[in-house]
Structure formats: C-alpha cells, structure tokens
Amino acid sequence: MSKPISFLSDFGHDDEFVGVVHGVLAKLAPSSRVIDVGHRFPRGNIKAAALALTRAIQYLPEGVCLAVVDPGVGTDRKALAAETSWGTFIGPDNGLLSPAVAMVGGATKIVSIENPEGMIPSPGQTFHGRDVFAPAAALIASGDAAIDELGPQIPGEQIVPLLLPLTETTGSMISGEAWWVDTFGNVQTNIGPEDAAGLGINPGDTVTVKVGSTLHSVPWVSSYGDVAEGEALIHVDSVGLLALAVRGGRADLELNLGEGVAVTLAAKKSATAE
Amino acid sequence: MSKPISFLSDFGHDDEFVGVVHGVLAKLAPSSRVIDVGHRFPRGNIKAAALALTRAIQYLPEGVCLAVVDPGVGTDRKALAAETSWGTFIGPDNGLLSPAVAMVGGATKIVSIENPEGMIPSPGQTFHGRDVFAPAAALIASGDAAIDELGPQIPGEQIVPLLLPLTETTGSMISGEAWWVDTFGNVQTNIGPEDAAGLGINPGDTVTVKVGSTLHSVPWVSSYGDVAEGEALIHVDSVGLLALAVRGGRADLELNLGEGVAVTLAAKKSATAE
Amino acid sequence: MSKPISFLSDFGHDDEFVGVVHGVLAKLAPSSRVIDVGHRFPRGNIKAAALALTRAIQYLPEGVCLAVVDPGVGTDRKALAAETSWGTFIGPDNGLLSPAVAMVGGATKIVSIENPEGMIPSPGQTFHGRDVFAPAAALIASGDAAIDELGPQIPGEQIVPLLLPLTETTGSMISGEAWWVDTFGNVQTNIGPEDAAGLGINPGDTVTVKVGSTLHSVPWVSSYGDVAEGEALIHVDSVGLLALAVRGGRADLELNLGEGVAVTLAAKKSATAE
C-alpha cells in the first residue's frame, strides 16, 4: 500500500516545475496520492515555508512529506530524509524541515541522501526537487526503498536548525513578533495564549498592542463576529497562537504589522498606568 | 465506493489553506478523488464564486461539492449541507451554494451542520473550511455519515438566497449587466439569446451595445473566427449567455466593461432610429 | 487500466476553467490520474508553452498529454490527436504539440478530431478545452476509444510546425537567444554545450557573453556553489542547455536578458582579441 506524499515548494505556478515533480512522483509511485501543501511561499524564504509546514503537518495524512525550498541548491548543503512517528520528511538540510519534524516529536533516524541509484541522472545540478528529492520521496512512499538505502545515517546535532524568535516578558509586557501574515491580512504572532495568561491577560480583556511607538486598544474575543465590522480584535487563531485581525478588513495594513515586525502586548490597565 | 469531492474556495495559493483542506479530505476520505474547481475567486466575493460554481456544476462528477467563500466565519451564519439530485453541497449559509443548487434542480433536504462529532476540534474559530466543512464533506463522500447525522434539518425558506440582477426590457432595448469577465477579458452578460430573440435580435444581426453613453456596433457571430483580428463580436458563450469578446484582444478593456457594469443591447436599426 | 493524463494550458487559476476540464476528465475517465503540468504559461504564447512541454515530457508518466493554448479557438484550425511511442498527444493544430512530439520520436499517426460523438455539445464554440480536447483525452486514457474513432487520419506534413530559432556560428562566436526565463530569473539559451565545445569553449572556461552591446565575463561552472553570492555564472541547466544564472539573484535583470533577446557567446580570449 503506497503512502500519500505531501509536497511543498517555492516553485510557484508560472513554470512547469511543480508539474514535473508530480510527473516523477506519478512515474515512481503511481499509486501514491499527492497533496499540494502549497507552492507559492516567498522565493527562498525558508522560515515562511517552514512555519507553513509546521501549521499544516497535523492535518496531512501520515506518509511522506516532500519539501523543497532550496536556495542553496548547487552548494554542498546536504539532502535529508528524516524518519519520524508521522512518517518520512524529505528535503534540503537548511532548516526547512526542522520545526515540522520537532512538531511531530522529532526524528528517530536521519540520513543524508547520497545514493545515486535513487536519483534521476541530470545534465545539470540545479533541479534537486526533480532529480534527488522527488525520487527519494517516491521510493519511500511506494515502499521500494527503506530510508537506509538512500544514504548514510547522520546524527541529529549535525542538522541545520531553524532559529525562530522567542518571546520575551518584561514586567507586565510580553514582546514577540508578527511571524505570519495570511492572505486575508490576519497577523499571527509568536505569542501563545498561555504566555499572555502568565501576565494576567485573558480572553475578554482589552489588550494594549504596541507596534512601533503606536498603542492600540484591542479586545481579546473568541471570534470575528464579536466585534463590529471594521474593528480590530485579538483572538486565538486556528493554529492556537494569538493573532490580530480586523473584521472585514486587513490587520496587517491597519496596524502596520508586516512579517517580522516586533509587537508587544500588555494588559490594558498596565498600559494606561505607564 | 467513495464519491469525488469538488472543492472551491477563495483561499488563494499563497498560503497552505488549500493544502490543509486537501490533507483533511485525504485523511477522512482517503479514496475520494478531489477536484479543485478554483481557489482564486476574489476574496469574500460570494457572487463571483457562486456564478463560477453555477457555470461549472454540470461538468463536475456527481458526488460532493465543498465550497468555502466565507466572509462571515466567526459570526452566527449557519453551516449547510444540501442534498440534491447531483449530490451533496457543503458550505456556509451566505448565498454561495444557492444558484448551483437551483441549477441542479433544488435541494431535497437541507441540514445545519452542528454536530461536533463530525468536526475537528480547533483552538480558534476562524478556519471552518478545515474544521467544519471539510470533515463534513469527507464524511458524506466516504459514506461514513448520512446528511442527517451532521445536524438538524432546516426549511429551505430559511436559507440565505443570492440576489442576482435580472434583465429588463424597455421598448426595443434590453438592459442587463456584465456579470463575469473571464481571464481572457471576455465579458459575459446576464442576457440570454432568448431574451434578445424576444426583441427580434438574432444571430447574424449587428447589435448596438451601449456601455455608459457610448454606443458600439457589434456583429452577433457564432465564433471568434468570424471577425477580423482586433474586432469586437457578440456571441453565445460556452455557458449559453450572450458575451462580448474581441478577437485576439480583451473586450473588458476595449469596451470599458467591468463586472457589474450596466450594458444595454438593441437591434442596430432601433438604435440608429433614436 | 486507465492511463494518466498530463494537462497543460494557459487558462490560469483565476477562473474555473482548469477545474471544469478536471471535472470532465473525472467524469469520463474516473480512474485516470491527472497531472497538472502548468496552467499559467503566458496567455496565447504557443512557443513558451511548447518549450515547457518539451522540457517536461520525459518526466511525465506515459499515457495521454492534453495541451490547450489555443488563441485560434473559433477559427478553422484543426484539433489533433497524435500517437507516439510515449503515448497520445491531444491539442490544437498550432505548433503547440510539435516539439514535444518530436522530442519523443515523432508521431506514428495523426488524426483530426472531428467526430461529434466524442464531444460535449455546447451552446458556444469557445471552450474546446472542455468540449473537444478533454473528452478526446479521456476517451483515449480510459481506453473507451481508439485514436481512429476520433476522426480522419491526416498526413504529418499538413500539421502546423513550430518554428524555433536556430543558433548560428560566426568565426569564434555563437549566436542564439534567451528562450526561457524561469521564475527564479535563470535564463536558458538555445545554445547547447556541444555547440560551445565546437568553438573550443568548455566547462571551466571564462566565457564572454554579449547582450546588446554589453560584454560580460562569466565563468562556466558546474553549479551555483562554484561562484560567490551575487556573481553571474554559466552552466548546463537541468534540461541540458547553456543557461545564465546569478547565485542568489536574477540573471534576467542583472544581464538584461528577457525571453527572445539575442545572446552571443565566445571564448574569453577571442573576445578580448576583437
């Protein structure tokens, strides 16, 4: 029984790259279902794609995850296959896989994909998605190869990590950042509701949100319908993190909050006491 | 035998939203084929997506239709499952499903999806595509649940309709609107050939097309090849409505006809007699 | 056993066109896997899509190829089905299929799709992807029809060819053109490494690249990692042609090389001797 393959890349849809990888998968794992997690993550932005994969992984069918955001293709970065309780992750050794692998409990085995027998011979060395990663994913998904046949095992501490920003609590304030703006303009922070609870900020409170030197008073509600059209709100989003939204609008534009921008939360009364 | 699922949304392809819904469907209905009807309809534009679904429905394999354009997520709008002779439609109660359901002959039963057993528990309340609609679609497609298990039945007259503009005949003129500009710039009107025939306008005639205060003389032909490169034409389009096109060009730009713009047709001689 | 169908078009993803074709394929060939080669090739640009298909074809599973870039829909251009050793190609007779068919060794039989029994009756004549090509592809893929049932056989010399630019060698220089800029900004030329070798230009050499009146000295390396970040390189790309790239950048912008722009290569010493 062939396993499903979840495929993520930054190839976009303007060329035939995604289609060619699908072709390779269909040839080598003809009975595997392929799920496109997404292919329009910002070019070469490992962090953005890694966070998307981390948000998605628990909703993807167990099997094989093929992820290719690979600005270092053609350098000596390794190609990895990581075995986990969810299944096998295949991709470049640049941090892309790390948070999703951690999310499902970590890798029980990691190999460096080096065995040329599992690769497609190519005139050039620039399309490892097609020539190296897709064949490896198909071999694992179809059961035609075990992970050890792809190459030598390497210790987890040699893998390139992805450094993600941590939140910081200072007095009554918690500082973090906007780490994802979705296509609706909703801004996810890296601050969890339990971080806020530690400061005594809870659902139902009005929260002071500081972006740059601007303070906004924003109610923490449970859904968009709890505020009027056009008003800002803070809520626990579909992934479980605190997020800023504007009902019927775009929080990124109205609060001036792009990806990576620092954001500080405080309980309303502490903020006004400053 | 698992039924195919046709999936339409306004999620776009920049995030992992579409992929996550595919993941949920693959987990819960692993042998259902999933057809992407389209995911780049204008954000929150219920009418545009509803019209697209109506144009598409007769070409989609009978089974389950999962449609999510849901600007009211997080308010108290209902989640619907509607049984029809084509199959089951799943989506928000905001008019999105109404014209396609009408197109296939109307619903024989409608339920409000409320049973939490069929939903995915979520920290937030903003991604009903993933947590409410996709699981319901998968349960119906796989045969794991009957529509009645999703929630209580509700009468059809409580469903939110989609108000679509009607055409109006005044003397020798018929007024309607441009209700779809396709990606090639072709402009579909809401005027059917039978409406025109009622005014004595028929294929082969030259038609006066009024947009704003500008009059255009446009031949009603049967295909693009019947006019010269760069010339405008009116024809019955692939859905059966009167549409304006420019051979090798964009009618929307050349005739200044965006979606929703009023357009009036008259037989050439009546127009010149004005 | 139903064959896979590889589907390419210029329909884009803003409308339901791609989804409707998938629907027709799912209805008529319910057990055929469908691979999207790509749908965002430039509108009506037969050459761009034909080259993409030619690059992709060897990676697609043998079966049926459905290709629709069809600016002449609604004229008297023919609809073709071409039998090859790879499988069957279906599409308009405008040069779109020619290079890919040639790449797999040429057609053993070509028919003009004319049999109305295999088509979907339509009110209009503008969506042959849905009404003519998709049903033909599904009939062949499912085995429900042989190619001869689609219409009369026509001789290969009546097919519209695709005229592709040739390279030209003058003294110590070889002139060609940029014929594909991929989404990463890499510029593929129509010059092969064997053409360069004929002039004594080989991997490891520094090559003089002339664009307009500007000369660039570019090293011919085997992969991106062989030059520093931000530097230009020439290499054999993943398809086997000479391509210009900038590590971590866009060669199209930095070398001013759009699709169709002339480019001349010479060995460094010959160039400086000029």
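A salt bridge here is a side-chain nitrogen of Lys or Arg within 4 Å of a carboxyl oxygen of Asp or Glu. Keep that cut-off in mind for the tour. This is a predicted model: local features need pLDDT of at least 70, side-chain atom pairs count only at pLDDT 80 or more, and totals for chains, interfaces and linings use all residues. Residues are numbered from 1 along each chain as its sequence is written, chains are lettered from A and ligands numbered from 1 in the order in which they are written, and side-chain values use heavy atoms, with hydrogens and water left out.

**Stop 1: two salt bridges**

Select Arg40(C) and Asp14(A). Their side chains form a salt bridge, 2.7 Å from N to O. Arg40(C) sits in the loop between β2 and α2 of chain C, and Asp14(A) in the loop between β1 (5-9) and α1 (17-28) of chain A, so the pair joins two chains. Helices (H or I, at least four residues) and strands (E, at least two) are DSSP runs, numbered from the N terminus.

Now select Glu16(A) and Arg55(C). This salt bridge spans 2.6 Å, N to O.

**Stop 2: the interface of chains C and A**

Show both chains. Here 31 residues of chain C are in contact (heavy atoms within 4.5 Å) with 34 residues of chain A. Together the chains bury about 2,500 Å², 56% of it on carbon and sulfur atoms. Buried area is the accessible area (1.4 Å probe) that two parts lose on being put together, summed over both.

Which residues of chain C lose the most area to chain A? Select Arg33(C), Tyr59(C) and Thr183(C): together they account for 28% of what that side buries.

Next, color chain C by element. β2(C) gives the most, with 4 residues. That side divides into 14 nonpolar, 10 polar and 7 charged residues. Ala, Val, Leu, Ile, Met, Phe, Trp, Tyr, Cys and Pro count as nonpolar, Asp, Glu, Lys and Arg as charged, and the others, Gly among them, as polar.

**Stop 3: a helix pair in chain B**

Select residues 17-28 and 128-142 of chain B, helices α1 and α4. They pack at about 35°, with axes 9 Å apart. Axes are lines fitted to C-alpha atoms, for helices over the stretch in contact, and angles run from 0 to 180 degrees between N-to-C directions.

Show side chains. From α1(B), Val20(B), Val21(B), Val24(B), Leu25(B) and Leu28(B) meet residues of α4(B), including Arg130(B), Ala134(B) and Pro135(B). The contact divides into 9 nonpolar, 2 polar and 1 charged residues.
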